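Open the model in your viewer and keep the selection tool at hand. The stops below say what to select next and what is there.

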Amino acid sequence: MNLLIAGASRGLGCSLAEAAVKEGHTVFAGVRNQDRISEQLKDLNKKHETRCRLIQLDVSDEDSVEQAAKETGEHCSSLDIIINNAAILLGRERKIEDVEFQEMERALDTNLLGPMRVVKHFLPMLRKGSQPFIANISSEAGAVTKEHDNDYPYGLSKAALNKFTMQLHCYLHSDGIGVCSIHPGWMHTDMGGEQAPLNPAISAQGILDIVTRKTPVDSPYQFINYEGKPMKI
């Protein structure tokens with residue numbers, strides 16, 4: 001299968017690329033800045049250059065996304081899977097009185113509009129794929145039924161991403177395209193911090209099993225965790 005992974009530089013995205021290549025898939029690893037990718041991704045690209053291709057992809061820049069789609073199309077005629085993993089975490093501890101709206105705008109631009117841009121420009125290739133699937137990497141912080149006070153930029157952007165996922169599911173399910181939001185768990189990454197208990201490789205394998213349809217999606221809201229279990233919206 002051919003996979004596009006947006007936000008593959010490090011952490012979960014890099015672990016997803018590694019798991020996919022290990023299973024014999026071809027990965028187009030979208031990275032915003034190729035000078036700042038992890039050693040893990042550099043090694044993967046070096047060892048599997050034809051099956052792990054680095055693609056310049058800044059999801060906050062529509063021109064970059066459009067160009068990335070064109071570049072990907074030069075290497076393959078179709079995509080089977082899109083994983084929207086690119087995200088930023090800003091202003092998590094700010095109270096409403098201290099919210100910086102520039103942080104709100106940046107979070108929404110990357111965490112919501114970024115996946116929308118990716119789907120807009122890569123969907124034609126995905127429609128040609130075998131059992132196509134879109135996975136938007138979300139968070140339990142985006143569940144309106146779960147209390148996360150003082151988490152405005154990240155939490156609200158992920159809640160909006162979950163709504164976008166439901167809209168995509170309604171639009172695409174009749175075409176056989178799977179769509180879901182996935183809570184990847186609290187992982188030991190740059191974003192998750194050193195106290196996080198989950199190895200991103202474990203989450204990555206669970207997500208890969210979902211997008212390759214080894215693990216079925218059964219959720220009324222298309223919102224699940226990395227083990228395929230339904231999440232409350």
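Helices (H or I, at least four residues) and strands (E, at least two) are DSSP runs, numbered from the N terminus.

Before going on, note that this is a predicted model, in which local features need pLDDT of at least 70 and side-chain atom pairs count only at pLDDT 80 or more, while totals for chains, interfaces and linings use all residues. Residues are numbered from 1 along each chain as its sequence is written, and side-chain values use heavy atoms, leaving out hydrogens and water.

Stay on Arg213. This residue is not a glycine, yet its phi is positive, about 70 degrees. Most residues other than glycine have a negative phi. Arg213 has 34% relative accessibility, so it counts as partly exposed. The cut-offs are under 20% relative accessible area for buried, over 50% for exposed, and partly exposed in between (1.4 Å probe, protein chains only).

Now select Gln131, in the loop between helix H4 (101-126) and strand S5 (133-137). Gln131 also is not a glycine and has a positive phi, of about 50 degrees. Its relative accessibility is 48%, so Gln131 counts as partly exposed.

Next, show H3 (residues 62-73) together with H4; they pack at an angle of about 20 degrees, with their axes 9 Å apart. Axes are lines fitted to C-alpha atoms, for helices over the stretch in contact, and angles run from 0 to 180 degrees between N-to-C directions. H3 is therefore roughly parallel to H4, a term for angles under 35 degrees. Among the residues making the contact are Val65 and Ala69 of H3 and Val118 and Phe122 of H4. Contact means heavy atoms within 4.5 Å.

Finally, go to the largest nonpolar core, which has 34 residues. Such a core is a set of buried Ala, Val, Leu, Ile, Met, Phe, Trp, Tyr and Cys residues joined through side-chain atoms within 4.5 Å. Helix H1 (residues 11-22) supplies the largest share of this core, seven residues. Select Ile207, one of the residues with the most contacts inside the core. Not counting residues up to four places away in sequence, Ile207 touches Leu12, Leu16, Ile137, Ile182, Pro184 and Tyr226. Another core, of 27 residues, lies apart from the largest one; select Leu4, Val59, Phe122 and Leu172 to see some of its members.

Technical notes: Parallel < 35°, antiparallel > 145°, perpendicular 65-115°, else oblique.
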